[in-house]
Structures are given as structure tokens and as C-alpha cells.
Amino acid sequence: MTDTGREIVEHAERDLHWPDCLNVRDLGGLPTQDGGVIRRGALIRADALSRLTDDGVAAARAAGVSRIIDLRRPAEAGSAAHPFGADPVYRNIPVQNPADPDHQWLTLTEIYCTMLDLRPDLFAQAFAAVADAPPGAVVVHCAGGKDRTGIITAFALSVAGVADDVIAADYALTEERLREDSAAYLELIDDPKLRTIVAGLQPTPPTVMLDTLAHIRERHGGVRAYLVAAGVNDSQLAAVHDRLAV
């Protein structure tokens, strides 16, 4: 990635202040490989919107949100009231089956690859929800805006022409955004073994996303091939590209 590209990835203006969420950012401004950029206000990644205060809800509405895609499983999504749960913009589209294990004993890359190999149909449904959204900003979130959100936004950015290293650099920003929250969560874990496991899964180095995208390429033929095999059609791929790319 060029120095200019790195500055765009790290630019603070992409961070959105939606109290009390910690990890909300507009993916607009990221460079594409053909010399373009991702459109501002088209795709926003976030941690759980159940954190939002009334001011945060107002900020989200002011962003022109047309669809919110909640990637959490029903048990997670129901653990706290979602401020948009009764709104037509809201979709709960889990990318894991409730019966799927969390695979905490694996590395983060292995967890991502296992999820992708196990449930391509669910990841395709979430991607299609981005493609089929009405005009406006699409918000993708899970619990921390890190893992499941990282994968779906990586897919959308890849289809829009963003290079793997730029996608990975944006993914890596989450570690800093969640640093204090992650440390506080560790303090609540009494079991030393579990604490060690969780601590190992909190960092978001770029290599995790780079290796995940490499796995998709080597095993499935790339992001587009993976999505098409799972049920995404050409018009949906084109819709995501046209929504995001300028």
C-alpha cells in the first residue's frame, strides 16, 4: 500500500462518533486498485448498536442509514434491546448457526476460515443484504465490529476493487478502538486458561485478514467465486460494486 493509501486508511475523519459505540467508521475514502475510492456514507462498520444512547441513535439516523445488518446469532442479538429492532431498516442475518461452536481453541485466522468454510450460504445472505439495500448508508455490525463484521466488509470492499492490504489495514484499526473495552473484559474472566485464550483472540493484526483472504482465494477461487458458489448473483455483485466504488 502506498503512503497515501495508508493515510486514507488511518484517517481519523472516517471514525464516526455514535455514543456509546466504540468502533464505528465509514469505509468511504479507501482507495481502489483502479485509482478510485470508496464512496463516503455508503458502508459503515460498527460494534453492537445496542450500546447506542439516544444521542447515538440520532447520530446514526443523521447518517442516512437505509439498512442495518446485525450479524449476531439470535441469542446474542436478544441479550440487549436493539434500538432499531422494530425499524424497517433492521435485519438480523447471522453468519453462524446457533449450533456452531465458537472454536476458541483455534487461532483467529483458523476461526475465520472455519466459519467461512462451514457456512458460505449464511455469509452470502449477509452480503446479499448489502447488495439489495435501498439507497443510503448500510451499517454492518456484530458484537465488537471485529470478526464477522470484518469478514463481510472485507468481502464488500474486495468486490468494489479494494486491495487486500488496504482491507487488512482497515481491519487492524479495530484493535486500538476496542483496546480499553477488551482489557476490561479480560479483567472479568477468573479462569486463567480462558483469559489466555481470549487475550490471544483480541488483537487484529493485518496478517489475520490477509491470511483469511488468501484462504478464500486458494480454496474457493477468490471472494467473488466464493460468493457466487454460495448463491450471490452477478447483479448483486454489480450492485455492491456500484454502491461503493466511485
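Helix 7 and helix 10 are oblique to each other in this predicted model. Their axes come within 7 Å and cross at roughly 140°. An angle over 145° would count as roughly antiparallel, and the range from 65 to 115° as roughly perpendicular, so the pair falls in the oblique class.

**Helix 7 against helix 10**

- Helix 7 covers residues 164–177, and helix 10 covers residues 206–220.
- The crossing of these two helices is right-handed.
- Helix 7 makes the contact through Asp164, Asp165, Ile167, Ala168, Tyr171 and Ala172.
- Helix 10 answers with Pro206, Val208, Met209, Leu210, Leu213 and Arg217.
- By class, nine of the contact residues are nonpolar, none is polar and three are charged.

**Helix 4 against helix 10**

- Helix 10 also packs with helix 4: the axes come within 9 Å and cross at roughly 35°.
- This crossing, too, is right-handed.
- From helix 4, the contact takes Leu108, Thr109, Tyr112, Cys113, Leu116 and Asp117.
- From helix 10, it takes Val208, Asp211, Thr212, His215, Ile216, Arg219 and His220.
- Val208 of helix 10 is listed in the contact with helix 7 and again in the contact with helix 4.
- The contact of helix 4 with helix 10 holds six nonpolar, four polar and three charged residues.

**Helix 6 against helix 12**

- Helix 6 spans residues 148–159 and helix 12 spans residues 234–244.
- Their axes lie 8 Å apart, at an angle of about 85°.
- That angle lies between 65 and 115°, and therefore helix 6 and helix 12 are roughly perpendicular to each other.
- On the helix 6 side, Ala156, Leu157 and Val159 take part.
- They meet Leu237, Val240, His241 and Leu244 of helix 12.
- Six of the residues in this contact are nonpolar, one is polar and none is charged.

**Largest pocket**

- The largest pocket has a volume of about 960 Å³.
- It is lined by 24 residues, and Ala143, Gly144, Lys146, Asp147 and Tyr185 are the closest to its centre.
- Helix 4 supplies the largest share, four residues.
- The pocket lining divides into eleven nonpolar, five polar and eight charged residues.

- The model has one cavity of 30 Å³ or more.
- About 60 Å³ of space lies in the largest cavity.
- Residues from Val95 to His103 on its lining are Val95, Gln96, Asp100, Pro101, Asp102 and His103.
- The lining also includes Ile111, Thr114, Met115, Leu118 and Arg119.
- Five of the lining residues are nonpolar, three are polar and three are charged.

**Backbone features**

- The peptide bond from Pro19 to Asp20 is cis, with omega near 0°.
- Asp20 sits in the loop between helix 1 (3–10) and strand 1 (25–26).
- His103 has a positive phi, near 55°, and is not a glycine.
- His103 belongs to the loop between strand 4 (90–92) and helix 4.
- His103 is also one of the residues that line the largest cavity.

Methods:
Residues numbered from 1 in each chain as written. Predicted model: local features only at pLDDT ≥ 70, side-chain atom pairs only at ≥ 80, totals over all residues. Heavy atoms only, no water. Axes fitted to C-alpha atoms, helices over the stretch in contact; angles between N-to-C directions. Parallel < 35°, antiparallel > 145°, perpendicular 65-115°, else oblique. Left-handed = near helix turned anticlockwise from the far one by under 90°. Contact = heavy atoms within 4.5 Å. Nonpolar A, V, L, I, M, F, W, Y, C, P; charged D, E, K, R; others polar. 1 Å grid on protein atoms, 1.4 Å probe; cavity = no way out; pocket = protein on both sides within 12 Å on 5 of 7 lines; lining within 4 Å. Points joined across faces, edges and corners; volume = space filled by probe spheres on them.
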